[in-house]
Amino acid sequence: MFTTTGSRGLYKAPLSKGLLLVLSGLTVMLALLPQYQELFVYDLQAVTQHHRLWSLLFGRLVCLDVKDSFCSALLIYNFRIFERRFGSRKFASFLLATWCLSALTDFLLARAFRSLFDYEVEELPAGLLAPVFALFVPFYRLIPRVPVTQVLGQIHITNKSLVYIVGLQLLTSSPFMWLLALSGLIAGGLYHSNVLWMQKLIFVPACVSFIGRNILEPIFSSAQPSGEAPLGMGATLDIQRQQRMDVLDQQLLLAQYNESTRNNRPQPPSGLFGWTRLFSTLRQRGQNRPPVQPPPQVALLVEMGFSRSDALEALRASNNDINAATNFLLQH
């Protein structure tokens, strides 16, 4: 159900690929060499009392628990859509800013927890966990929710359900994981909303981006998927748009099928005696209603170059939200 990110793997997401390979590889290496795990423990007391800044740096990068590493890797793989959409530099700026803001929030929440419950939080789960939780903020606000199916006729399963399930699994893996999750969500909300112009204050410098683009990106870049026309080599705008529409049709097919099955279910007779069966005029009254006019947002999407049918389906999936529908059409 990772349908929100398309099917292009890690293409155009070198930073996400680098994080997956490097961080997961270090987790496996530390599992094989447990004598070095002490260097990567996220010890709050060591940072505040003994000023061991390396404990803060290393402890908030590499997971010591293989299960936490696996769940965070799944989430990073899913959130790679933001690197494709905003670019590697903005994606790296988001991770850097939320890492710094969440580090400060960790200590504030730990101090507040000690004041309220008289309990000292000494260690927190290690790894790049708070920035991963921070990515749930743009995921919730920018990715449209498309129904996929229903369970037991009441529980709706969407294209975002599995991501939230993996996040819940990561949240319940450690006793104080909730503190990292809360600090990550706070940091992600502050940076995504650009509170106090944080997006202009905390960002990856252009020189660092230049080094990463010319040295690291060729190492971690993925090959272009087969069947996708390369830009600038005969691929027209219509071909690219048709490819996005094909993916959109596949994702909305199940939603249309579920909606049609719900509409075709036999309705119970209204009332005790079923008056609509006795009086045909009551049964036919609803058939004489004027056709429902399409929402005005359809015209705006058509002017952008999308077809009328795709615009209708995108608006239906996003509850007539023009911004969500536009984002959904563009990213697919």
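Start by selecting residues 14-32, helix H1, together with residues 88-117, helix H6: the two pack at an angle of about 45°, and their axes are 9 Å apart. (Axes are lines fitted to C-alpha atoms, for helices over the stretch in contact, and angles run from 0 to 180 degrees between N-to-C directions.) H1 and H6 are therefore oblique to each other; under 35 degrees would be roughly parallel, over 145 roughly antiparallel, 65 to 115 roughly perpendicular, and the rest is oblique.

Now show the side chains where they meet. On H1, pick Pro 14, Leu 15, Ser 16 and Leu 19; on H6, pick Ser 88, Phe 91, Ala 92 and Leu 95. Contact here means heavy atoms within 4.5 Å. By class, that makes 6 nonpolar, 2 polar and no charged residues. (Ala, Val, Leu, Ile, Met, Phe, Trp, Tyr, Cys and Pro count as nonpolar, Asp, Glu, Lys and Arg as charged, and the others, Gly among them, as polar.)

A quick note on what you're looking at: this is a predicted model, where local features need pLDDT of at least 70 and side-chain atom pairs count only at pLDDT 80 or more, while totals for chains, interfaces and linings use all residues. Residues are numbered from 1 along each chain as its sequence is written, and side-chain values use heavy atoms, with hydrogens and water left out.

Zoom out to the whole protein chain: it has 18 helices and 4 strands. Those are DSSP runs, numbered from the N terminus: helices are H or I with at least four residues, strands E with at least two. Of the 332 residues, 39% are buried.

Next, select Ser 72 in helix H4, residues 66-78. Is Ser 72 buried or exposed? At 7% relative accessibility, Ser 72 counts as buried, since buried means under 20% relative accessible area, exposed over 50%, and partly exposed in between (1.4 Å probe, protein chains only). Leaving aside residues up to four places away in sequence, Ser 72 touches Cys 63, Leu 129 and Val 132.

For a contrast, jump to Tyr 140 in helix H8, residues 136-142. Tyr 140 counts as exposed, at 60% relative accessibility. Which residues does Tyr 140 touch, not counting those up to four places away in sequence? Lys 160 and Tyr 164.

Last stop: residues 163-191, a stretch that is 83% helix and 0% strand, with its end C-alpha atoms 21 Å apart.
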